[in-house]
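The points are grouped by topic.

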Amino acid sequence: MDMLNPNGFQVDETAGTNERIASTVAAIVQPRVERHSHIGIVTEISGGGARIQVDGAALRALGQDPDPSVALSGQVGSQVKLEVGKRWLLANVRNLKAGDVGDVVLADIDFLGEGDEDEQSGKLVNFKRGITCYPIPGNRVFPVTGEDLKQMFAADERAHIEIGTVYPTKDVRGALYIDAMLGKHFALLGSTGTGKSTSAALIMHRICDMAPEGHIVMIDPHGEYSAAFKGYGELFNVDNLAMPYWLMNFEEHCEVMLTSQGSDRQADADILAKCLLHARSKNRVAEGLTKLTVDSPIPYTLTDLSNAIQNEMGILNKATDTAPYMRLKTKIDELKADPRYSFMFSGMLVADSMSTFISKIFRLPAKGKPISIVDVSGVPSDITSVVVAVLSRLVFDYAIWSRNELQRPVLLVCEEAHRYVPADKTSSGQAVRKILERIAKEGRKYGVSLGLITQRPSDLAEGVLSQCGTIIAMRLNNERDQHFVKAAMPEGARGFLDVIPALRNRECIVCGEGVSIPIRVAFDDLEHSRRPASSDPMFSELWKQSGEEEAMVARVVKRWRAQGR
């Protein structure tokens with residue numbers, strides 16, 4: 001006989017005491033939240049993904065759900081979850097196509113991770129990246145909810161920065177794990193006009209806010225980031241950089257001072273090596289050094305180098321042509337006389353200022369301004385690559401020679417990276433290409449992180465992009481660039497990367513070590529005072545203005561002729 005307990009639930013009187021207690025407790029406990037109905041089943045499974053069959057009517061009905069995550073579930077670029085025993089397996093939808101029979105939709109999905117199902121609420125809990133148990137054909141497919149996405153995308157306790165909102169949610173924050181992202185390098189890719197510079201500034205500001213005693217060196221080829229970091233970092237350009245020429249190694253000396261090609265270049269290099277070693281050895285800093293080489297960063301004067309070349313040329317028993325000596329002397333005289341090179345080849349830079357220069361560029365100590373913006377837009381184009389090579393090599397060499405000290409990791413960020421590590425190996429600037437490739441391959445071991453920013457990833461040297469553990473891909477309009485990025489990505493992220501051409505401005509796909517799973521993120525708005533000076537000119541407005549053109553042109557010509565600002 002059935003009877004009612006005090007709580008109003010029916011209890012079987014004939015049941016045993018234990019069963020009666022269990023029945024009562026189960027009735028009192030909040031009943032399990034009803035799931036959404038399943039929308040399809042699994043038909044095929046592979047190692048990294050599966051094919052599912054979805055009811056078209058059910059998929060369209062989801063679009064009316066008030067939960068935006070449920071409404072978008074099942075669409076391309078969104079997520080679904082598969083029932084595997086008492087676990088949920090989550091996957092990203094790569095594509096959709098109509099089935100052969102009835103109102104059926106076929107979809108290919110890429111596995112993202114898995115989690116447990118809470119017995120009381122039915123919600124996803126304990127989400128982990130990677131797959132340990134696979135579905136079998138016939139397993140049911142369900143839409144994801146906003147709560148599921150929070151479990152998937154919410155940042156854990158690791159050190160991280162928040163850069164925006166995860167698609168398709170409105171409140172789940174997209175996070176980058178700093179140690180994983182910087183420890184294995186990162187790349188920010190996007191066609192011009194997609195908000196790449198502003199996004200780069202946002203990421204750098206978030207890192208600086210989190211680590212005010214950090215050490216970041218940013219190479220700025222267009223002078224646009226100085227406006228973004230006023231008061232937040234130290235800004236260097238040709239007016240205050242004061243980078244001594246004697247910091248260059250022999251290969252960098254050759255790029256600056258040798259003008260010949262072919263066999264003549266080798267002859268000139270042999271003469272330069274001998275005379276450079278002689279000039280370095282004359283400095284009192286070199287006294288007591290038993291292993292002095294042409295690469296040793298020992299101060300020397302250009303006059304000593306020029307005199308050494310003159311002496312070599314003047315030896316009477318030399319039965320050789322004087323042309324190589326004259327080429328070197330002429331180039332040195334040009335570097336000394338040209339005011340454009342004074343930031344590097346000034347006679348004022350002969351003092352031993354290596355410690356001071358490294359301290360100010362690497363922010364040692366940072367004093368709350370952890371980033372150095374090195375504006376190379378005013379550097380003559382023929383030595384820009386050498387300036388970047390010297391700065392990059394100093395970062396790497398400092399990390400090597402400070403291994404017995406308290407480690408101070410340095411992040412080197414290169415804007416327009418395709419200019420310095422081009423796919424074309426025959427182009428000039430081999431010194432910077434070699435050092436950046438070496439940092440990409442070995443920097444992680446020495447505490448040097450590399451951040452590459454480029455609008456043409458297909459023009460980057462082969463292998464450099466694949467060394468970047470985290471890829472932040474904004475919209476890429478060029479099909480060749482899209483294929484290049486996809487080839488560098490892990491298999492599970494391919495479905496995400498298919499949407500790269502359809503991304504909006506200031507929206508990106510983040511894949512790799514810096515995130516738990518691949519995510520699509522809309523970047524936060526950045527305060528106007530923190531934005532780089534990279535906005536597009538408004539032709540329709542500017543071409544309506546007129547006045548003072550003569551005075552403006554006169555000022556421009558004056559600066560042009562003076563080769564300065």
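**Pockets, cavities and a helix pair**

The largest pocket has a volume of about 570 Å³. The model is a predicted one. The second largest pocket has a volume of about 490 Å³, and three cavities of 30 Å³ or more are counted.

**Largest pocket**

- The lining of the largest pocket comprises 25 residues, and those nearest its centre are Gly195, Ser197, Thr198, Ser534 and Ser535.
- Helix H6, residues 196-210, contributes the most to this lining, with three residues.
- By class, the lining of the largest pocket consists of four nonpolar, 13 polar and eight charged residues.

**Second largest pocket**

- The second largest pocket is lined by 21 residues, with Arg393, Phe396, Asp397, Tyr398 and Trp401 closest to its centre.
- At least two lining residues come from each of helix H7 (250-257), helix H12 (354-361), helix H13 (381-401) and helix H14 (430-446).
- H13 provides the largest share of the lining of the second largest pocket, namely seven residues.
- The lining of the second largest pocket has eleven nonpolar, two polar and eight charged residues.

- The largest cavity holds about 80 Å³ of space, and its lining is formed by Met152, Phe153, Ala154, Ala155, Gly174, Ala175, Tyr177, Val515, Ser516, Ile517 and Ile519.
- Helix H4 (146-153) and strand S11 (173-177) are the elements that give two or more residues to the lining of the largest cavity; S11 gives the most, with three.
- H13 gives the most to the lining of the second largest cavity, with three residues.
- The lining of the second largest cavity divides into seven nonpolar, three polar and two charged residues.

**Packing of H9 and H10**

- Helix H9 (residues 302-314) packs with helix H10 (residues 323-337) at an angle of about 165°, and their axes are 10 Å apart.
- Angles over 145 degrees count as roughly antiparallel, and H9 and H10 are therefore roughly antiparallel to each other.
- The crossing of the two helices, H9 and H10, is left-handed.
- On the H9 side the contact involves Leu302, Thr303, Leu305, Ser306, Ile309, Gln310, Glu312 and Met313, while H10 contributes Tyr325, Met326, Leu328, Lys329, Ile332 and Lys336.
- The residues of this contact between H9 and H10 comprise eight nonpolar, three polar and three charged.

Methods
Residues numbered from 1 in each chain as written. Predicted model: local features only at pLDDT ≥ 70, side-chain atom pairs only at ≥ 80, totals over all residues. Heavy atoms only, no water. Axes fitted to C-alpha atoms, helices over the stretch in contact; angles between N-to-C directions. Helix = DSSP H or I, 4+ residues; strand = E, 2+ residues; numbered from the N terminus. Parallel < 35°, antiparallel > 145°, perpendicular 65-115°, else oblique. Left-handed = near helix turned anticlockwise from the far one by under 90°. Contact = heavy atoms within 4.5 Å. Nonpolar A, V, L, I, M, F, W, Y, C, P; charged D, E, K, R; others polar. 1 Å grid on protein atoms, 1.4 Å probe; cavity = no way out; pocket = protein on both sides within 12 Å on 5 of 7 lines; lining within 4 Å. Points joined across faces, edges and corners; volume = space filled by probe spheres on them.
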